[in-house]
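Please look over the sequence and the structure below. The briefing that follows goes through them by topic.

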Amino acid sequence: MRLTQYSNFTLRMLQLIALRAPAVVTVDDVARAHRISKAHLVKVAAELSRRGYIDSIRGRHGGMRLARPADDITVGEIVRWTEAPLELVECFNPDTNTCALLGACHLSRGLQRALRAFLSVLDDLTIADIALNRDALLARLGGTMPAEAPDHVTPMPQATAAR
């Protein structure tokens, strides 16, 4: 199984925001740190804001902060919505299945168990967990902690852009 680029970028953005907390992080910060196109990340940020994972902050010292504690956001929940629908094989979707082996095939049962196990592991992994080795990760990203934004910045309304 391979996660999509969208899932990868989403997890990287959340991780960097957690790493730099309580400071705000800009889309430019994420793009620079991970050498990712800003255009891709703007879509990710809009969807994260719309779904309530981040707060977008306006102003000169604006950027993004986690809207929930990092240890309350699991990698599993992120992967479920960024990869939806999780259909490893066609028989996972009864509406589009054309496989004559449905119900008798041990492969599909095994793949269903494997998917459940995969998601179970990701459900036990939080954004805080993937940001645990903060100093090592920030050193690899070539970044130092940006100055914290002043407390007077005002949150932006949540974005409505879709993925």
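How many disulfides does the count come to? By the rule that a disulfide is a pair of cysteine sulfur atoms within 2.5 Å, the count comes to zero. This is a predicted model, in which local features need pLDDT of at least 70, side-chain atom pairs count only at pLDDT 80 or more, and totals for chains, interfaces and linings use all residues. Residues are numbered from 1 along each chain as its sequence is written, and side-chain values use heavy atoms, with hydrogens and water left out.

**Overall layout**

- The chain has seven helices and two strands; helices (H or I, at least four residues) and strands (E, at least two) are DSSP runs, numbered from the N terminus.
- Read from the N terminus, the order of the elements is α-α-α-β-β-α-α-α-α.
- Of the 163 residues in the chain, 40% are buried. Buried means under 20% relative accessible area, exposed means over 50%, and partly exposed lies in between (1.4 Å probe, protein chains only).

**Cysteines**

- A disulfide is a covalent bond between the sulfur atoms of two cysteines.
- Cys 99 counts as partly exposed because its relative accessibility is 28%.
- Cys 105 is in no disulfide, and the nearest cysteine sulfur, that of Cys 99, is 6.1 Å away.

**Salt bridges**

- Side chains of opposite charge can pair when their charged atoms come close.
- A salt bridge is a side-chain nitrogen of Lys or Arg within 4 Å of a carboxyl oxygen of Asp or Glu, and by this rule the count comes to seven.
- One of these salt bridges is between the side chains of Asp 28 and Lys 38, at 3.4 Å from N to O. This pair links distant parts of the chain, since Asp 28 is in helix α2 (residues 27–34) and Lys 38 is in helix α3 (residues 38–50), ten residues apart.
- Asp 28 is partly exposed, with a relative accessible area of 35%, and Lys 38 is partly exposed at 43%.
- Asp 29 forms a salt bridge with Arg 32, and their closest N and O atoms are 3.0 Å apart. Both residues lie in helix α2, three residues apart, which is about one turn of the helix.
- Is Asp 29 buried or exposed? Asp 29 is buried because its relative accessible area is 14%, whereas Arg 32 is exposed at 58%.
- The side chains of Arg 51 and Glu 47 also meet in a salt bridge, with 2.5 Å from N to O. Arg 51 counts as partly exposed at 38% relative accessibility, while Glu 47 is buried, with a relative accessible area of 2%.

**Backbone features**

- Most residues other than glycine have a negative phi, and most peptide bonds are trans.
- The peptide bond that joins Ala 21 and Pro 22 is cis, with omega about 10 degrees. Pro 22 is found in the loop between α1 (5–20) and α2.
- A cis peptide bond also runs from Ala 84 to Pro 85, with omega near -5 degrees. Pro 85 is in the loop between α4 (75–82) and α5 (106–123).
- Arg 35 has a phi near 55 degrees, a positive value in a residue other than glycine.
- Arg 35 lies in the loop between α2 and α3, and Arg 35 counts as exposed because its relative accessibility is 75%.

**Surface charge**

- Which residues gather in a patch of negative charge on the surface? They are Asp 71, Asp 72, Asp 124 and Asp 129.
- Patches are made of residues with over 30% relative accessible area and no salt bridge; like charges are joined within 9 Å, and nonpolar side chains (Val, Leu, Ile, Met, Phe, Trp, Tyr) within 5 Å.
- Accessible areas come from the Shrake-Rupley method with a 1.4 Å probe, and for residues only the protein chains shown count as cover.
- Asp and Glu count as negative and Lys and Arg as positive, while His and the chain ends are not counted. The place of a charge is taken as NZ of Lys, CZ of Arg, CG of Asp or CD of Glu.
- Asp 129 lies in helix α6 and is partly exposed, with a relative accessible area of 37%.

- Asn 133 lies in the loop between α6 (127–130) and α7 (134–140), and Asn 133 is partly exposed at 42% relative accessible area.
- Asn 133 and Leu 19 are 114 residues apart in sequence and 8.7 Å apart in space, C-alpha to C-alpha.
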